[in-house]
Amino acid sequence: MMTTPASRHRGTEAQRNFLYLCVSASLCLVIVLPAAAHAQAPANMPPYTPPKLANGQPDIQGIWQVLDTAAWDLQDHGATLGVPAGRGVVVGNEIPYKPEALAKKKENAAQRATLDPESKCYLSGVPRITFMPFPFQIVQQNDKVNVLYEYNHTIRQIYMNGNPHPEGHIDWWMGDSRGHWEGNTLVVDSVDFGEETWFDRAGNYHSDELHVVERYTPISPYHMRYDVTIEDPKVFTRPWSLSAILYRRIDANVELLEYECYAYQLEDQFTKK
Amino acid sequence: MIGAASLMLALTSAAGAQAIFNPKDWPEGKLGPGAKAWSVERDKLPPFTPPRTQDGQPDLQGRWGGTWSGDDIELIPEFLDVTTPPWESWVADPADGKLPYKDWALAERNAHREGLGREVWSTDPSKHLYYDPQAFCMKSVPRYSQRGYELVQTKDTVIMMLNWGHIYRVIPLDNRPRPAGDVRLWMGTARGHFEGDTLVIETTNLNGKMWLDSAGNFIGPNAKVTERIRLVAPNFLDYSATIDDPETFTRPFTLRAPQRRQRAADAKDPYAAESWEHACHEGNREHEQQILQLGFKWYLPPAAPAK
């Protein structure tokens, strides 16, 4: 159960997370539904039911973007030149590294200019791609959800066709993503990551045993809650969670344009020589 | 370099498609089928009205195999190598299958071709000018369409997703204003609408940094590309791209090719209809640095001479 300041204000919402099974008037079982804890809206947001597509799925299509500073550092951080200060998105702010892994994280941070895969314009991995300061567009089909990211024209195809993760292990930059709906929440289970992606510009990283579960929950026409659970027994002592808000881009004429990172980098390299 | 051999593979794997225009069945010794052969086959098809989406649009959705050549789009007169057998031009108009270059532009195209160092696969940097820009995992319009893509329609957009290099296009159907003319994008800005059963896509704001093929054919950054896509049989799209670029060409010209529906999932391989990751640049860095060491320059569109 996540305990965020917001959840403390959501008593009525929290009550929805209990299932009351009454066998008789005097015998009721109260079952806690842990998954529903993720669906809590932040304080001051009234309960929200998203519109449905013709196929009955909640409609979360549109262009979305984060407004936080997790691209620089998932955790609370102060400002330095070119880096805005920000509250982190890690629930409880602690990332439970194993001791040797924490040392590697610190080395990553110190040598970020050369070690960060972003410096080579590689695909960002998950959930880093969500936190890149670029918009992304969700396009739903009956059997998959497509997420198109402006950064490096990245595509994620989240299959909901009944196929499990393929036999692995497969080293993919963006992993293998399988989705399903829990109420109005899109739940995405991703494995099959390589070791080469990071979580942010602060050197937070993972191994190929990374397992990511993302939950996209619409909480207003213009906001989605983005809750993520990270598991990686090679690097962390226990699973840990992120929680952030996705904002719908409603600017006039908003559309995905381009950020062709490696094309700019190669042009720079070739033309400077 | 991906040429005709792989496109044949893509086509022949399209089990269940109507048995027309299958290069595998093309008579030995004939040029591979291009724009002209496709036009002939297409005109033999019975009249066809595409099904409609729930929004009333012609339903063009599905996974479509790319067709037209990645090598010389004009004509491959003779066998070059296993990836590039002799092939008919993909230029439907003009009728001679040749791109109607202005003189300066033809000289430029010829310089591109010579500078590939292909004749002797030269390793001498002094023989090298540009490498095919697609080697850097980029695409543009219309060259994206030589690869397979999945087409998805919503009420107000058409989405195309390539497996190759995770290239995509989101094409608004509401004719919204484009960004300013000096905004230059690899994929340009696209605006679509339906004319009867035909999806018409107009693309501008291109950056001119991508060739039409790997043999040096090119269009300028101020080209307007008008694509027309129509479902002419349950499993075939008729695809054309008309390029309007008066700085580079004496007249507009049109590329034309079929796109064949890829097979659906089957019981033997439930993953057959899935698009798995094609990370291109990530595995390409060594190749990129070799191209640099071989003396190739980064291709930037040539300036058209002042009138």
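Predicted model: local features only at pLDDT ≥ 70, side-chain atom pairs only at ≥ 80, totals over all residues.
A pocket here is an open set of points on a 1 Å grid over the protein atoms alone, with protein on both sides within 12 Å along at least five of seven lines, a 1.4 Å probe fitting at each point, and lining residues have an atom within 4 Å of a point.

I then asked which of the 34 lining residues lie nearest the pocket centre, and noted Gln61(A), Thr154(B), Lys155(B), Asp156(B) and Thr157(B). Strand 4 of chain A gives the most to this lining, with 4 residues; strands are DSSP runs of E with at least two residues, helices runs of H or I with at least four.

Of its 109 residues, Leu74(A), Phe131(A), Trp240(A), Tyr149(B) and Ile229(B) touch the most other members. Helix 6 (residues 261–272) of chain A gives the most to this core, with 5 residues.

I finally recorded that buried residues make up 53% of the 273 residues in chain A, which has 6 helices and 11 strands.

For reference, residues are numbered from 1 along each chain as its sequence is written, and chains are lettered from A in the order in which they are written. Local features need pLDDT of at least 70 and side-chain atom pairs pLDDT 80 or more, whereas totals for chains, interfaces and linings use all residues, and side-chain values use heavy atoms, without hydrogens or water.

Key. Buried < 20%, exposed > 50% of the residue type's maximum accessible area, 1.4 Å probe, protein only. Core = buried A, V, L, I, M, F, W, Y, C linked by side-chain atoms within 4.5 Å.
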